[in-house]
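Visitor: Can you walk me through this one? I'd like to start with how the strands are told apart.
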Amino acid sequence: MMSDLEFMQLALRLAERGQYTTDPNPRVGCVIVKDKRIVGQGWHQRAGEGHAEVNALAQAGDKARGATAYVTLEPCSHMGKTPPCADALIQAGVARVVAAMTDPNPLVAGKGLAKLADSGISVESGLLAAQARQLNIGFVQRMEHSRPYVRLKMGMSLDARTAMASGESQWITGAAARRDVQFMRAQSSAVLTGSGTVLADDPSMNVRLSAAELKIDGEVRQPLRVVLDSRLQTPASAKILQGTGDCNLLSMAQYANAKDGIENSIIKIIDEKKGHVDLSAAMAFLAQQEINLVHVEAGAHLSGALLQAKLVDEIVLYVAPVIMGNDARGLFTLPGLSKMKDRLQLSILDVRSIGKDIKITAQPQY
């Protein structure tokens with residue numbers, strides 16, 4: 001016989017099925033149980049479509065009356081693109097709602113649970129809250145801090161080099177690592193790079209996985225592509241401006257009209273800071289565009305600048321079993337670190353093998 005914990009674990013697994021499709025909405029799963037038997041289950045599949053609770057209730061039908069609903073995020077209480085889920089649960093006659101966490105969205109923030117309780121429904125919250133929060137870390141960060149969660153992906157040799165002195169960098173890591181990166185891009189709201197990377201490598205920065213590979217129905221969602229380009233140097237022929245999906249160039253005011261012929265892109269003016277795009281202002285702008293998670297693939301200068309600005313929340317580092325020598329380029333440009341007390345401490349979250357490479361996930365300790 002399954003317990004509350006096991007039912008919530010199932011709800012979290014259902015929620016995870018929306019990791020490539022729900023953006024900018026959170027990933028949510030719901031399991032409806034009556035007499036210790038599952039009578040309905042569902043998850044939020046795509047933004048604009050039915051929420052997890054509605055999908056689970058549709059499967060449960062009349063069996064939802066008197067049942068317990070396990071949901072990974074507090075049911076919404078406001079009218080958005082779909083009606084409030086709290087109202088649907090009340091109308092279905094559920095007797096108890098167990099939520100993993102309250103919704104950090106100020107439009108909800110406890111109001112959904114209060115509405116359920118006011119209707120006589122037994123309400124509990126906090127079961128597997130840490131796991132539910134991690135599943136929607138970008139959404140939570142945007143709601144709580146008005147900026148996206150920033151994940152910095154990098155690849156390096158065993159001696160911490162990212163490119164030869166000439167700039168040649170393809171490929172340091174193996175095919176398995178490069179495929180793994182594609183899944184991270186697919187999870188992201190936006191993929192961000194700098195104009196230096198665009199000029200040097202001319203990357204596409206898109207998701208090159210099929211719906212079957214992602215195990216989803218329908219089209220593959222392309223995250224917003226973002227180029228930090230202080231002086232608007234990105235050529236109109238750049239691959240990052242081509243193909244499906246949108247690309248935003250974030251530049252400074254004095255360069256806003258410096259280049260003609262840039263198509264399929266939107267130029268946004270961001271405040272200047274020391275002759276460059278203000279990184280904090282850029283992240284605040286992206287949050288206003290409902291960007292939850294920013295996946296960064298950039299060179300040493302931009303990567304170092306993001307670290308110095310304390311804007312990197314997570315580093316994913318692929319280490320290849322190769323040595324590139326003293327003349328090759330380093331991982332970060334971080335001037336001013338002259339003493340051991342100046343070093344940036346990292347907390348290692350995960351280490352695993354990806355093909356022939358090692359993948360390290362770490363969190364900066366500012």
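Guide: Helices and strands here are DSSP runs, numbered from the N terminus, and two strands count as paired if DSSP finds at least two bridges between them. The model is a predicted one.

Visitor: OK. In the hairpin of strand 17 and strand 18, which residue takes a positive phi?
Guide: Gly355, with a phi near 65°. The hairpin has two residues between its strands.

Visitor: How many bridges join strand 17 to strand 18?
Guide: Nine, and the two strands run antiparallel. Ile348 has Ala362 of strand 18 as its bridge partner.

Visitor: And what is the bridge partner of Ile315 in strand 18?
Guide: Ala362 again: Ile315 is bridged to Ala362, and Ile348 is bridged to Ala362 too. Val316 has Thr361 as its partner in strand 18. Strand 15 (residues 314–319) and strand 18 (residues 357–365) pair in the antiparallel sense, over five bridges.

Visitor: Zooming out, what is the strand order in the open sheet?
Guide: The order is 11-10-9-8-14-6-15-18-17, nine strands with mixed pairing. Strand 11 (265–269) and strand 17 (345–354) are the edge strands, each pairing on one side only. On average, neighbouring strands of this sheet are turned by 25° against each other, direction ignored.

Visitor: Which strands does helix 11 lie across?
Guide: Helix 11 (residues 300–308) lies across strand 6 (149–156), strand 8 (190–194), strand 9 (224–228), strand 14 (293–296), strand 15 and strand 18. Helix 11 runs at about 110° to strand 8.

Visitor: Which residues of that helix are buried?
Guide: In helix 11, Ala300, Leu302, Ser303, Gly304, Leu306 and Leu307 are buried. Just after helix 11 comes Lys310, with a positive phi of about 60°.

Visitor: How does the lining split by class?
Guide: The lining has 13 nonpolar, 13 polar and 11 charged residues.

Terms used:
Residues numbered from 1 in each chain as written. Predicted model: local features only at pLDDT ≥ 70, side-chain atom pairs only at ≥ 80, totals over all residues. Heavy atoms only, no water. Helix = DSSP H or I, 4+ residues; strand = E, 2+ residues; numbered from the N terminus. Axes fitted to C-alpha atoms, helices over the stretch in contact; angles between N-to-C directions. Contact = heavy atoms within 4.5 Å. Nonpolar A, V, L, I, M, F, W, Y, C, P; charged D, E, K, R; others polar. Buried < 20%, exposed > 50% of the residue type's maximum accessible area, 1.4 Å probe, protein only.
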